[in-house]
Amino acid sequence: MITELAKGVYWVGVVDWDLRHFHGHELSTHRGSTYNAYLVLDEKAALIDTVWSPFAEQLLSNVRELCDPAKLDYVVANHAEVDHSGALPAVMRAAPQATLVVSPRGRESLEGHYHEPWSFRTVRTGDRLSLGAVELAFLEAPMLHWPDSMFTYLAGRAILMPNDAFGQHYATAYRFNDQVDREELYEEARKYYANILTPFGKLVAKKIDELLALGLPIEMIAPSHGVIWRQDPLQIVHQYREWAAQKPEPRATIVFDTMWEATRRMAEAIGRGLGAAGVPYRLFHMAVSDRNDVLTEIFRSRAVILGSPTLNNGVLPTLAPILEDLRGLKFQNKIGAAFGSYGWSGESVKRIEEHLERCGIPLAAPGVAAKWQPGPADLQKCEELGRAVAAAVLAP
Ligand code: FEO
């Protein structure tokens with residue numbers, strides 16, 4: 001349903017209730033998503049961002065309720081990723097006179113994706129484009145989260161449209177943050193940040209400082225996914241600043257896989273040690289856990305404790321995606337530890353410890369390996385490992 005955000009500014013996007021995986025199957029989206037596109041009707045008409053290609057007709061139908069797409073003067077593409085640009089070919093066919101407004105890297109990316117001779121207008125930070133009473137001002141935001149990413153600010157309406165930044169994969173019947181459950185909203189916003197923006201924390205912090213230093217009046221922050229921040233809109237900006245600082249909570253995440261329950265019993269014993277020392281923890285069996293949910297929990301936690309039995313001189317393959325993400329997401333300010341059972345060669349603990357060190361995650365304590373099923377002494381060592389990690393977590 002079309003929603004008016006302010007005079008002449010409309011949400012004309014799409015709610016994708018069914019979406020359960022995004023980026024192909026890379027990112028889980030348990031609560032669906034939205035592709036937010038905004039129409040500004042002034043002396044000139046501008047569409048800001050489009051939607052994923054399966055929803056192109058729905059977007060155009062929304063636009064048609066308010067104006068003839070052929071009358072669009074501008075289409076602003078803040079970001080070229082397909083969930084926002086997929087409908088561009090259909091939109092540009094319907095609006096052949098429209099100029100496509102993009103960052104320099106956006107042009108390169110859109111040309112690479114679509115190979116169409118569209119009429120581009122390239123804008124940089126500080127450039128402005130008058131629509132009449134409303135003026136669009138542009139702020140490049142490279143690596144938030146692609147090189148082309150750009151924010152558009154609607155001067156005259158005090159609305160910031162930052163595309164992916166401050167978004168959430170969150171399908172709801174509502175369009176604004178004050179209409180939805182705050183816990184759900186922050187769960188999805190944190191998952192989005194943790195899984196997509198974590199590696200770019202320094203750039204996020206810098207861009208937020210730059211944005212706040214501009215001192216722009218901001219009545220709303222209207223991202224390209226999820227709900228629009230209308231009530232206390234800067235709350236999510238300040239939250240991003242905190243997330244970018246990566247000051248994790250005093251908690252631990254235990255991630256393991258197991259074949260015959262030996263490594264599970266070790267994981268549970270480590271958890272008992274953490275719990276006894278007053279450190280909250282969660283335990284994830286990777287064979288049955290959602291990778292992105294686990295990464296979100298690791299993002300929050302000071303300690304990550306990884307366990308696997310030894311298989312083929314290494315770890316169980318179900319651990320491999322998490323190890324790869326620990327490298328790629330470049331988590332900061334973590335401490336780690338390893339554990340696992342083995343029958344003969346027993347390399348898993350060493351492999352995990354080597355990997356943690358490569359990821360810049362120092363070991364809080366030496367790992368624990370147990371031959372065959374852990375006996376009482378092995379489980380005691382696991383509890384002690386939990387206590388040692390807890391002491392490091394709680395250390396000032
Ligand atoms: Fe929502 Fe980077 O696309």
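Helices here are DSSP runs of H or I with at least four residues, strands are runs of E with at least two, and both are numbered from the N terminus. Keep in mind that this is a predicted model, in which local features need pLDDT of at least 70 and side-chain atom pairs count only at pLDDT 80 or more, while totals for chains, interfaces and linings use all residues. Residues are numbered from 1 along each chain as its sequence is written, and side-chain values use heavy atoms, with hydrogens and water left out.

Let's start with the largest pocket, whose volume is about 620 Å³. A pocket is an open set of points on a 1 Å grid over the protein atoms alone, where a 1.4 Å probe fits and protein lies on both sides within 12 Å along at least five of seven lines; lining residues have an atom within 4 Å of a point. Its volume is the space filled by probe spheres set on the points, which are joined across faces, edges and corners.

Of the 25 residues in this lining, Tyr186, Glu187, Arg190, Thr296 and Arg300 are the closest to the centre. Helix H5 (182–197), helix H7 (235–245), strand S18 (281–285) and helix H9 (291–300) each give two or more residues, and H5 gives the most, with seven. Domain 1 (3–244) and domain 2 (252–389) each supply at least three lining residues, the bounds coming from an automatic or database domain assignment.

Now for the second largest pocket, with about 330 Å³ of space. Among its 19 lining residues, Met259, Pro309, Thr310, Tyr342 and Gly343 are the closest to the centre. Helix H8 (262–276) and strand S20 (335–342) are the elements giving two or more residues here.
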